[in-house]
Amino acid sequence: MPPFTRFRQLPVRDKAKARRVAARAVAWGTTAVSAALVLGALLLPNRLALVTPGAFAHIPVEAVVGAAVLLMLPRTPRRVAAVLAGVFLGLLTVLNLLDIGFNEFLGRGFNVVLDWILLDDAQSYLEDSLGSATATAAAIGAGVLVLVLLALMALACLRLGEVMARNSAVATRSVLVLGTAWVVCATFGVRVAGLPVASRSTTERVEDRVQRVKATLRDEREFAKVAAVDTFGDTPGDRLLTGLRGKDVIFTFIESYGRSAIEDPLIAPGVDALLDEKTKELRAAGYSAKSGWLTSATYGGSSWLGHSTFLSGLWIDNQNRYRTVTAGDHLSLTRAFQRTGAWRTVGIMPGVTKNWPEARFYGLDHVYDSRNLGYQGPKFSWSTMPDQYALTAFERLEHGRRHDKPLMSEIILTSSHQPWAPVPRMIGWDEVGDGSVYDGIKKAGKDPKDVFTDSTQVRTEYGKSIQYSLTSLIDYVVRYGDKNTVLVFLGDHQPLARVSGDHASRDVPVAIVAHDPAVLKRISGWGWQDGLRPGRDTPVWRMDTFRDRFLTAYGPGEGAGGPYAEKCPPKPTGKPAAKTPPKPAAEPAAKTPPKPAAEPAAKTATKSPSKPAAKPTTKTPPKLAAKSSSEPVPKPAGAARQP
């Protein structure tokens, strides 16, 4: 007989008793769930790897203090305080969840000042990778989750406050016992799962967020002063890049090409073999190459921060800094070519989907973005077109045409952008056409949902995408380059932690390829490895030091270590040398790391105009201005979307 039928047949007295038992059970259950929600919000770690049962086996001091306050308040103030506390805990939980997501993807926590715009990027990324239906469902689900969390936390605190008020004697004793236990555990350092039983993690996180907000706002003011100082800012064009006159110079960024691609046990075998093979092919075609390591200002995403750091010679690790530098007149490496008047300067930007005002800062005479490269094929998840097509379009639109002066090009290759599926494959250069040939290639590729959710497969496909990008680029140089071709290529940042690991460095490979031996002779003092694959012990520099080293090496004289390097410095700019900025006040993770294996420290120097660096390898760079309180953040208008 069904329970409900049996209940209806009970005598009235038994029915009343059953109702009381059921009500009591519901009340106890509601109280238990409320307590679990509150404790969970107070103890929830902000990293996914730390979310274990042991993480919740602690006594949060905030719960003890909060219970004591509610016990002392009269009815109406108690209810108001409980609701406010619940809303606060709900917001805290939302921020902790954002921290978890950002740590998984970008290797850093969420910055409450700068990172909100990245949520829009995340939505676009999901739409490109998993489809509009999935992205819409995720956005709606996230919004509902936030509202539910706020409501549940408020109700949970209200429930606990009412229960304590009705049972004040028991509640008071419980608070005293828990408070005493907290003090004892704190005094003797009792730990569970490596963490102190006497927890104050919520208080510490709130304090940390407040400090990061202050540091972010302070950094914006201090960085503006640093950006105004430029060793080469007033150097006339006739004294810039004299060692590259007559050369076609190509600067290429390969998306997510990081140290892990060359050293990770699963990824490296294929990538390393390819780099060695391509080194031999270049040598057979008359080219030589040298390679090294740079420490990127960003990790896992926000590629434009890496691009601007490399080209500006400033440490651009957040959006405020990016806006400041691109709105000013600090000399970018590419604009130095434009200033000489000896080069036509162009950009190939397949990841740019809207107007891109930053082209002025980068000194590009013309920019080809995703809308005017002539591509008629399918997107490959986030990437608007395969790298081989972008390079073919570059040859058709610019490099293969006759010009009255050499060409300086900035090219962004995007096929190695997450989620690394489907990955294009190489086809004959004469088969590329308008890109419609890629329809079948995309259909034959893997589903991004299957790849991205598999921790092993995602690393394998990442490696394949890097091999594809490298093959496209080097094959292009061998096929279309000539004796005046100079290629500088590098990664913009490491792939996200799901691929590179939780404790990966921020190092990226960088290489210079040239047909003319004199080009590489100028950087002979840099200590770089011969070939396309840098060694484990090859020097690691901060990415922001490259601009000054490059301009010095290819300026008047014979470059790094040359006999004229110190006799022919850039003309004084009249501006003071870059000052060593104050020590960063924000989270340690964003500090420039000390070694390549962790988060490598700066190993080079910004040169002073009063004593130009003839031998850059011996200099030590100053720390850059007040590290921003957040690491890489939101994209500029019109820039390539990336979460």
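I start with residues 170-190: the end C-alpha atoms lie 26 Å apart, and the span is 90% helix and 0% strand. Helices here are DSSP runs of H or I with at least four residues, strands are runs of E with at least two, and both are numbered from the N terminus. This is a predicted model, in which local features need pLDDT of at least 70 and side-chain atom pairs count only at pLDDT 80 or more, while totals for chains, interfaces and linings use all residues. Residues are numbered from 1 along each chain as its sequence is written, and side-chain values use heavy atoms, with hydrogens and water left out.

The span comes from a UniProt record. That unreviewed entry lists residues 21-43, 55-73, 80-98, 135-158 and 170-190 under "transmembrane region". UniProt positions are in the numbering used here, feature names are shortened, and annotations may be inferred rather than shown by experiment. For another of these, residues 80-98, the model gives 100% helix and 0% strand, with the end C-alpha atoms 27 Å apart.

Next, Leu178. Leu178 sits in helix α7, residues 168-188. Its relative accessibility is 42%, so Leu178 counts as partly exposed. The cut-offs are under 20% relative accessible area for buried, over 50% for exposed, and partly exposed in between, with a 1.4 Å probe and protein chains only. Leaving out residues up to four places away in sequence, Leu178 touches Ile59 and Val64, where contact means heavy atoms within 4.5 Å.

Val61 takes us to helix α3. The buried residues of α3 are Val61, Glu62, Val64, Ala67 and Leu70. How does the span of α3 agree with 1.5 Å a residue? The 12 residues, 61-72, should span 16 Å, and the end C-alpha atoms are 17 Å apart, which agrees. The expected span is 1.5 Å times one less than the number of residues.

Now the surface. Ile140, Val144, Val148 and Leu152 make a nonpolar patch of about 330 Å². Patches take residues with over 30% relative accessible area and no salt bridge, joining like charges within 9 Å and nonpolar side chains (Val, Leu, Ile, Met, Phe, Trp, Tyr) within 5 Å. A salt bridge is a side-chain nitrogen of Lys or Arg within 4 Å of a carboxyl oxygen of Asp or Glu. Areas are from the Shrake-Rupley method with a 1.4 Å probe; for residues, only the protein chains shown count as cover. Leu152 is in helix α6, residues 132-166, and is partly exposed at 39%. An α-helix has 3.6 residues a turn, so residues three or four places apart point the same way.

Helix α21, residues 546-553, is another case: 8 of the 8 residues are buried, so α21 is largely enclosed by the rest of the structure.

Some backbone details. Cis peptide bonds join Gln418 to Pro419, with omega about 15 degrees, and Ala421 to Pro422, with omega about -10 degrees. Pro419 is in the loop between β9 (407-413) and α16 (438-444). Ser302 has a positive phi, near 55 degrees, and is buried at 0% relative accessible area. Ser381 also has a positive phi, about 55 degrees, and is buried at 6%.

Finally, the whole chain: 21 helices and 13 strands, with 53% of the 643 residues buried.
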